[in-house]
Amino acid sequence: ANSNNVRLFVLYADKNSPAGKAGVTRGWAIISVNGTTSFTNTSASLDFINNASTKSPNVTLGFKKPDGSTVTSAISTTSYNLNPVLFDTVYTVKNGAGANTKVGYFGMYTFSSTFNDKGEPTFTKTILDQTINKFASQGIKNLIVDLRYNGGGATSTAEYLDSAIAPASAAGKVMYIYKYNDKLTQNLSSTGLSSQVNFPARTGGL
């Protein structure tokens with residue numbers, strides 16, 4: 001609002017999180033934190049927000065929705081399985097020849113790991129597999145992967161998704177290459193860093 005006031009908004013809420021289950025979603029304004037309704041660009045105010053939202057087992061948040069209505073939710077911390085797929089659907093659209101064609105679309109907000117540190121598949125892998133299988137079963141001809149709100153994460157998950165999408169002809173070929181600064185490039189063999197990643201011997205073929 002001005003140089004001193006701070007306004008808070010929800011970037012996203014994971015579907016399986018306490019906030020997500022309470023219906024909180026992207027774009028909602030946070031208008032109160034534990035009853036406090038004014039936030040300033042000061043260390044004390046920002047520390048209050050941070051401590052209440054990330055260092056406490058529970059917090060009461062007041063929200064203002066895009067339609068102007070307000071709601072207050074008491075949210076407690078808990079463990080949950082990340083669901084990186086914000087939304088997925090299949091659209092039927094006209095192609096250049098005027099015929100109907102199916103387009104798969106999904107938004108993915110984080111590259112959370114597909115396998116845990118024990119080598120076991122995670123909920124992220126389950127959701128990605130379900131999404132890919134849904135698109136395959138409906139015979140999509142085009143695919144949109146929306147990464148606008150993706151903050152990054154595990155490269156192994158990006159590789160898993162790439163492999164699921166890529167055709168059989170991509171097997172064994174270069175998926176991506178790493179670009180390093182000149183000093184690392186000159187000593188690449190001694191650093192143990194990879195210069196490129198290839199598709200696996202068998203791809204998903206979506």
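Student: How many residues does helix H2 have, and what does it reach from its first C-alpha to its last?
Tutor: This is a predicted model, and helix H2 covers residues 43-54 in it. At 1.5 Å a residue, a span of 16 Å is expected. The helix comes close to that: it has 12 residues and reaches 16 Å.

Student: Which residues of H2 are buried, and where do they fall, seen down the axis?
Tutor: Buried means under 20% relative accessible area. In H2 that applies to Ser45, Ile49 and Ala52. Seen down the axis of H2, these buried residues line one face of the helix, because they fall within an arc of 75°.

Student: Which exposed residues does the face of H2 turned away from the buried side carry?
Tutor: Exposed means over 50% relative accessible area. On the face turned away from the buried side of H2, the exposed residues are Ser43, Ala44 and Thr54.

Student: What is the order of the strands in the open sheet, and which strands stand at its edges?
Tutor: The sheet is open and has four strands with antiparallel pairing, in the order E1-E2-E3-E4. A strand at the edge has a single partner strand, so one side of it is left without a neighbour in the sheet. The edge strands are E1 (8-9) and E4 (70-76).

Student: How many bridges join E1 to E2, and what is the bridge partner of leucine 8?
Tutor: Strands of a sheet pair through backbone hydrogen bonds, either parallel or antiparallel. E1 and strand E2 (residues 29-33) run antiparallel, and two bridges join them. In E2, the bridge partner of leucine 8 is isoleucine 30.

Student: How many salt bridges does the structure hold, and which residue forms one with aspartate 88?
Tutor: The structure holds four salt bridges. In the one formed by aspartate 88, the closest N and O atoms are 2.5 Å apart, and the other residue is lysine 134.

Student: How far apart in sequence are the parts that this pair ties together?
Tutor: Aspartate 88 lies in strand E5 (residues 85-94), whereas lysine 134 lies in helix H3 (residues 123-137). Aspartate 88 is partly exposed at 23% relative accessible area, and lysine 134 is partly exposed at 29%. The pair therefore ties together parts that are 46 residues apart in sequence.

Student: Is lysine 125 buried or exposed?
Tutor: The side chain of lysine 125 meets that of aspartate 129 in a salt bridge (2.7 Å, N to O). The two are four residues apart in helix H3, so about one helical turn separates them. Aspartate 129 is partly exposed, with a relative accessible area of 23%. Lysine 125 has a relative accessible area of 18%, so it counts as buried.

Student: What does lysine 183 count as, at 59% relative accessibility?
Tutor: The side chains of lysine 183 and aspartate 182 meet in a salt bridge (4.0 Å, N to O). Aspartate 182 has a relative accessible area of 49% and is partly exposed. The cut-off for exposed is over 50%. At 59%, lysine 183 counts as exposed.

Student: Where is tyrosine 149, and what is the accessible area of its surface patch?
Tutor: Tyrosine 149 is in the loop between strand E7 (142-146) and helix H4 (155-165). Tyrosine 149 is partly exposed, with a relative accessible area of 31%. Together with Leu11, Tyr12, Leu86, Phe87, Tyr91 and Val93, Tyr149 forms a nonpolar patch on the surface, with an accessible area of about 590 Å².

Conventions. Residues numbered from 1 in each chain as written. Predicted model: local features only at pLDDT ≥ 70, side-chain atom pairs only at ≥ 80, totals over all residues. Heavy atoms only, no water. Patch = residues over 30% accessible without salt bridge, like charges linked within 9 Å, V, L, I, M, F, W, Y side chains within 5 Å. Areas by Shrake-Rupley, 256 points an atom, 1.4 Å probe, with all protein chains shown as cover. Buried < 20%, exposed > 50% of the residue type's maximum accessible area, 1.4 Å probe, protein only. Pairing = 2+ DSSP bridges. Expected span 1.5 Å × (residues − 1). Arc of directions from axis to C-beta.
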